[in-house]
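Please look over the structure shown here. The report below walks through its main features, one topic at a time.

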Amino acid sequence: MLHSCICLGFALMFILSSWIWMPVLVLSSPIMAMMFFLLCLWLKVIGRWGRLMRLLYEIYEWIMFRSDKPRKYFWQKYYNFISWGYPYEEWKTMNLGFACDNDNVYIPPQLDSEFQYEKFSYQLYHYLIFGFAKIENLKDKHILDIGSGRGGGLRYLAKNFKPLSAVGVDYSAQCVNFSKKYLMEESVNFYWGDAERLPLKNESADLIICVDSSHCFGNLKTYLTEVKRVLKPGGDFIICDFIVTLDKDEYEENFSNFLKMKNSKDLTENALLALKMDSKRKIELVEKKVTYMFKRLMKRFAVIEGSVLFNQLEAGDTLHLAYHFTKPE
Ligand SMILES: C[S@@+](CC[C@H](N)C(=O)[O-])C[C@H]1O[C@@H](n2cnc3c(N)ncnc32)[C@H](O)[C@@H]1O
């Protein structure tokens with residue numbers, strides 16, 4: 001009986017870990033790699049190449065956007081790689097950005113030149129707090145940014161609006177190292193941590209913000225339970241992310257039995273406008289700094305005009321949505 005259980009355990013581990021060892025096996029064996037190459041060539045010759053690419057893309061989509069544990073694992077590796085490979089001080093944000101007809105409404109007029117460079121990303125942070133959630137000021141607040149990335153958004157808030165304290169939590173150690181190296185301010189702290197197990201005390205934050213990060217988290221319900229734990233009664237929670245239109249109901253289902261929703265808004269048009277206006281700057285940066293091999297990947301990551309996510313937003317297949325919640329007193 002014991003032996004059967006052990007064998008079953010091993011078999012289960014073998015199957016469950018196949019997504020790790022299979023690619024390693026394929027890529028590490030020259031013979032397998034050669035066979036894979038020949039298979040690709042043959043598919044191209046017989047005209048099935050497109051079908052293979054679509055299949056691979058579907059697998060990629062499933063791993064990065066629909067699975068639980070694999071997506072959390074791969075996004076962490078992905079952001080680690082990007083922050084390690086491209087440690088440029090001028091690049092401090094990683095969100096879709098926000099623009100509107102009167103562009104200067106959502107940014108203080110006396111803005112430091114430091115914040116002009118990635119102005120649309122800061123505008124998103126600014127708009128979410130002051131425009132969308134209509135929070136008047138941050139002076140009496142302890143704020144928390146979950147998935148703070150390279151730290152720029154939180155630094156923007158801390159420098160310009162002087163909250164009591166500002167904490168950024170990110171699952172990518174490289175992102176946290178970058179933020180600590182370049183973006184520390186007196187009242188700002190960056191910690192390595194998982195959104196699903198926040199390294200913070202109960203009821204310690206007045207305002208929690210999460211910008212374009214939740215699509216990386218493993219389990220949204222576990223994450224929201226953590227938000228509820230850390231938020232003070234009377235506190236605000238703002239979450240914004242891009243969501244596949246067909247998954248919107250499923251995504252919003254996570255908010256049932258959560259906090260009280262005060263507002264929600266579709267920011268897709270504003271994101272598209274920002275992305276269009278910012279494409280030239282991003283392309284120049286990629287052309288200047290990124291090695292040939294990764295140029296395409298980085299342009300896609302930067303969501304320049306014509307990239308996959310840009311096209312999905314433009315076609316209405318993906319939406320950029322924002323939600324504001326409060327915790328009852
Ligand atoms: C698209 S970036 C957004 C960064 C930042 N909010 C901004 O607007 O510039 C998403 C960030 O979420 C972080 N992240 C992914 N999974 C996470 C998790 N489980 N817990 C905390 N952060 C996570 C990534 O490392 C990445 O830095």
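## The ligand shell

This is a predicted model. Start with the shell around the ligand, where α5 gives the most, with four residues. The shell counts 27 residues around the ligand, and Asn95, Gly147, Gly149, Tyr171 and Cys216 come nearest.

What classes of residue make up the shell around the ligand? Eleven are nonpolar, eleven are polar and five are charged.

## The chain as a whole

The chain contains 14 helices and seven strands. It has 329 residues, and 35% of them are buried.

## Helix α8, an enclosed element

Is α8 enclosed by the rest of the structure or open? Seven of its ten residues are buried, so α8 is largely enclosed. A residue counts as buried when 20 or more other C-beta atoms lie within 10 Å of its own.

The buried residues of α8 are Gly152, Gly153, Leu154, Arg155, Tyr156, Leu157 and Ala158. They pack against both helices and strands. The helices are α6 (113–116) and α7 (119–132). The strands are β1 (142–146), β2, β3 (188–192) and β4 (205–211).

Most residues other than glycine have a negative phi. Two residues here go the other way.

Lys162 follows α8. Its phi is positive, about 45°, although Lys162 is not a glycine. Lys162 sits in the loop between α8 and β2. It has 15 C-beta neighbours inside 10 Å, so Lys162 counts as partly exposed.

Val303 is the other case, with a positive phi near 50°. Its place is the loop between α13 (292–301) and α14. Is Val303 buried or exposed? Val303 is buried, because 26 other C-beta atoms lie within 10 Å.

## Helices α4 and α5

Two packed helices are described by the angle between their axes and the distance between the axes. Helix α4 covers residues 49–66 and packs on α5 at an angle of about 90°. Their axes are 6 Å apart. The two helices are therefore roughly perpendicular to each other. From α4, the contact uses Ile63, Met64 and Phe65. From α5, it uses Pro70, Arg71, Phe74 and Trp75. By class, six of these residues are nonpolar, none is polar and one is charged.

## Helices α12 and α14

How do α12 and α14 lie relative to each other, and at what angle? Helix α12 (residues 268–289) and helix α14 (residues 308–315) pack at about 140°. Their axes are 10 Å apart. Angles over 145 degrees would count as roughly antiparallel. The pair α12 and α14 is therefore oblique. Their crossing is left-handed.

On the α12 side, the contact involves Thr268, Ala271, Leu272 and Leu275. On the α14 side, the partners are Phe310, Leu313 and Glu314. Together, the residues of this contact divide into five nonpolar, one polar and one charged.

Key
Residues numbered from 1 in each chain as written. Predicted model: local features only at pLDDT ≥ 70, side-chain atom pairs only at ≥ 80, totals over all residues. Near = placed C-beta within 6 Å. Nonpolar A, V, L, I, M, F, W, Y, C, P; charged D, E, K, R; others polar. Axes fitted to C-alpha atoms, helices over the stretch in contact; angles between N-to-C directions. Parallel < 35°, antiparallel > 145°, perpendicular 65-115°, else oblique. Left-handed = near helix turned anticlockwise from the far one by under 90°. Contact = placed C-beta atoms within 7 Å. Buried ≥ 20, exposed ≤ 12 C-beta atoms within 10 Å, placed from the backbone.
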